[in-house]
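Biologist: I would like to learn how to read disulfides in a model. Please take me through them step by step.

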Amino acid sequence: MKIFASRRRRVGWAVGGLLLTLAIAAQVVYSTGIYASWRDQRSLDAACDGTLAQGGLDAALNSSHTRARTDDDSDYLAACLLNRPDTGEHGGALEIRLRWSDRSAASEVLAPFGRNTNGVKGQAAPLGNGWPGFVRYDGYAQVVVALDCRNDADRALVAYGDLVRWPEDAREKGPVLTGLGRVTTETAQQAAAKYGCRATGGRQLTQVKLPSSASGSAAPAPLARAEGSCVALRGLAGQASRAGTPAAAGYPTDTRTPQVNCFLLTAAGKPGYGLYGYYGAMAKDFRSTGSAVPGDDRVTATAHCPGSAHEAVFVLYRLYDGDTGDPPVRHYSASFARSALKAFADHEAGQRGCTGVRLNPVPV
């Protein structure tokens, strides 16, 4: 009996020692952050229905330690919120949302169209590198990319990347914006593949810049020397000057971006007229708003574009100053507006192989 009791004591000591060792190991794993890191990495791997691309995430949030939370929003195919564990101290939060273009768009997706007449609030700049997307800024940066499905002409996979909180410890904007662009575009590409949308993306983004007026990096040019998205209006420099807008602010030429802008400016540099071109999924969303902005000081046009089930839409607005509530161009010229939009739409259509440009007597 003494032998059995001795054995039981030794077994008890062994089990106790093992449990103590496990407890110490667990404490080490937890206290050193190993468990938190493993848990956060798992959350990233599962984010946005497992489609989240993590290549640019560190740059977008200026941290190598990020985590994800799934957003069960029925308006989207998938959605997720990405942030840093120290977000309370330094900020840094990014939201990704994915949707099919043939589903009704949520109100927050359509909201930017409603700002089209407020100075340059509706502006967007192309991403470049072959991506059908753009970046815009209105209090926070947003990247949008729309991948047309070659196997379904009526559908595109649309991704929205919103930097809802800027990482305050990021010294430069460039890497953060480029990271945002990479996460959004590469997630869109992975999601398209997962959900059976055969789409063509672009090359890895290495530089993303805000629209020029949002970054304050570009001065307006006389319309006679306009380039990029405003180049088609050079021949109207005389008419534009008489209409009160002798200068222009354009954006780089890019035939894959689904939104194009050109702004005509007064002699004082105030945005007087805004010209917009929308293609594919963006054209469909724009039309669903009923032209987005009520009022008579606008003209619209449409065109048929190859490979798209949706007509391209072009629109010119007389703009108002968000600070004063008044339009910098005091007298709206309907004849100039139609001439300017026709030149803009014809040039855009020619760049993309679109046909049948038609000015509309009423808003589309």
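Modeller: This is a predicted model. Start with one cysteine: Cys230 is buried, because its relative accessibility is 1% and buried means under 20%.

Biologist: Which residue does Cys230 form a disulfide with?

Modeller: A disulfide is called when two cysteine sulfur atoms lie within 2.5 Å. Here the sulfur atoms of Cys230 and Cys262 are 2.0 Å apart. Cys230 sits in the loop between β8 and α8, Cys262 in strand β10, and the pair links parts of the chain 32 residues apart. Cys262 is buried too, at 0% relative accessible area.

Biologist: Is the link of Cys230 and Cys262 left-handed or right-handed?

Modeller: Look at the torsion about the S-S bond. For Cys230 and Cys262 the value is 120°, a right-handed link. The link of Cys149 and Cys197, with -110°, is left-handed.

Biologist: Where do Cys149 and Cys197 lie?

Modeller: Cys149 is in the loop between β6 and β7 and Cys197 in the loop between α6 and α7, so their bond ties together parts 48 residues apart in sequence. Cys149 is buried at 5% relative accessibility, and Cys197 is buried at 4%.

Biologist: How many disulfides does a search of the whole structure find?

Modeller: Four. One of them joins Cys305 to Cys354, with an S to S distance of 2.0 Å. Its torsion is about 100°, so this disulfide is right-handed.

Biologist: What pattern do the disulfides follow?

Modeller: Count the bonded cysteines along the chain and read off the partners. The pattern is 1-2, 3-4, 5-6, 7-8.

Methods: Residues are numbered from 1 along each chain as its sequence is written. This is a predicted model: local features need pLDDT of at least 70, side-chain atom pairs count only at pLDDT 80 or more; totals for chains, interfaces and linings use all residues. Side-chain values use heavy atoms; hydrogens and water are left out. Helices (H or I, at least four residues) and strands (E, at least two) are DSSP runs, numbered from the N terminus. Buried means under 20% relative accessible area, exposed over 50%, partly exposed in between (1.4 Å probe, protein chains only).
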